[in-house]
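Here's a quick tour of the model, for anyone who likes to know the cut-offs behind the words. Have a look at it first.

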Amino acid sequence: MRKTMIASILMSVPLISFAAVESYTIDPTHTYPHFKISHLGFSTMQGRFNKTSGNLTIDTANKTGSVNITIDATSVDTGFKKRDDHLRSPDFLSAAEFPEITYQSSKVKINADNSAIVEGTLTIMGTSKPVTLDVSRMHCGIHPMDPKKQKYVCGFDATAKIKRADFGINYGLPAIGDDMELSFEVEAIRN
Amino acid sequence: MQCMMNDLLQNPLFQSALAPLMVALVTGILLRPLGDKWAGLGFALGYAVSVYFTAGFQLFPLTSTRKILLIALGAVIVGALLDRLRYPQRFILWALVVCAAIAAEWVIWPVLKRAEGMELLLMSLVAVYAAWLVGWFDGLRNKQLAATSAAVSLGVGTGISAVLGASALLGQLGGAIGAAAGAMIVLQLFMSRIEVGRSFVLSAALLASLIGIAAVIYAGLPWYTLIPLAFIPVTARLPVKNDWNRFIQALVLVGYTTVPAAIAVLITWQVTQTAEPSLY
């Protein structure tokens, strides 16, 4: 009897732990990576990538999780086709050759105020570098517009700073800025 | 003073025209006493300086541009060896043509491996361009002025087309071929017994063809721009009278080869000109 009880307790531990980890799929219609870069020192140009996919997990019990995001490099959009074509060329992203930009987290720490720090690896044009995302606000809950009230969504805003030269994107330096500000609006639906 | 120097070093015209021209010229002069065909290596050294300024010598990750530069380095070495070895010429020609086609497929492999059906077939056909140019340029290796004139026009034509229609980096790397090859023309005009050899014709043809292919596959240059460029080494074989002064011969050959280059540039200009403002 005692053995059975111990076995039941031991078996339930991973289940409890497993239940605390929730997996989500990125909602591509509400997830957009944006970037800001100095345009010849005159102004700060902004653009975004229109196609993103991926998944994330949230472990509420242990205040951690994981993020895997894949960005379609060909979907870069600055509102001007000629410039977007140039950004897709080998001068910048070489999108035909490297169609995916990826971010894979290695460590996630969710704070008590729902902010978080995500450490991970950003890969652009085959070059991987560690990049830390600063998540300002995380919010999870039932989607208010879902008629069945079953769609559970988690969202957050995140920012990061990178130097494009670190990824081998050297064209136009230093006139076109090296420092890039990245910001992500992310929403994911619980599986 | 330092600011002026930085401005100069960052100027695309310096990086892709003046620097390769001067370095190819000086190293060509310095290498000439070693033998008739050593001057041809001046082209490779002049081009290497341009690569240093534009793309850098970093090898990894192995992007298509770095593959092209790696192939060109291999072509210089293989060309220099072939200049000194005695193999049946027909065998060498066919071996180079096949290798050029394989090199082209390797450069476009990241796109090729995702293509299917007709798209795969059409993309594979770009290898014909590299094979064609390498074959024709190999035939020019003993026609010194014709080979260098063709390389100047091919480099400049490819470079300007790439800048207009595709990518500034590929444009600069194309233009540098023209500048470094231009130095070889100057050497041929002012120094006796200069032979550019296979190290020159093989590397110039491979570089220009692979840059053109990369511009089409990776940067949206219209594929038909390559058609007039392919005729540049053909026009370099048009007759030039032997009793003409070498300056006149060079001028006529550059004139012949400039025509298809200009047609390629014109086609790209027509296709890429839009009512939209400059992206800069």
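## Chain A at a glance

Take the contacts in chain A between residues at least 6 apart in sequence: 55% of them join residues at least 24 apart (a contact means C-beta atoms, placed from the backbone, within 7 Å). This is a predicted model, where local features need pLDDT of at least 70, side-chain atom pairs count only at pLDDT 80 or more, and totals for chains, interfaces and linings use all residues. Residues are numbered from 1 along each chain as its sequence is written, while chains are lettered from A and ligands numbered from 1 in the order in which they are written.

Chain A has 2 helices and 11 strands (DSSP runs numbered from the N terminus: H or I of at least four residues for helices, E of at least two for strands). Starting at the N terminus, the order is α-β-β-β-β-β-β-α-β-β-β-β-β. Its C-alpha atoms fill a box of roughly 75 × 40 × 30 Å along the principal axes.

## Where A meets B

The contact draws 15 residues from chain A and 18 residues from chain B. On the chain A side, helix α2 (residues 81-88) gives the most, with 4 residues.

## A helix pair in chain B

How do helices α4 (residues 64-84) and α11 (residues 197-219) of chain B cross? Their axes, lines fitted to C-alpha atoms over the stretch in contact, come within 7 Å and cross at roughly 160°. That makes α4(B) roughly antiparallel to α11(B) (an angle over 145 degrees, on a scale from 0 to 180 between N-to-C directions).

Key:
Two residues are in contact if their C-beta atoms, placed from the backbone, lie within 7 Å. Angles under 35 degrees count as roughly parallel, over 145 as roughly antiparallel, 65 to 115 as roughly perpendicular and the rest as oblique.
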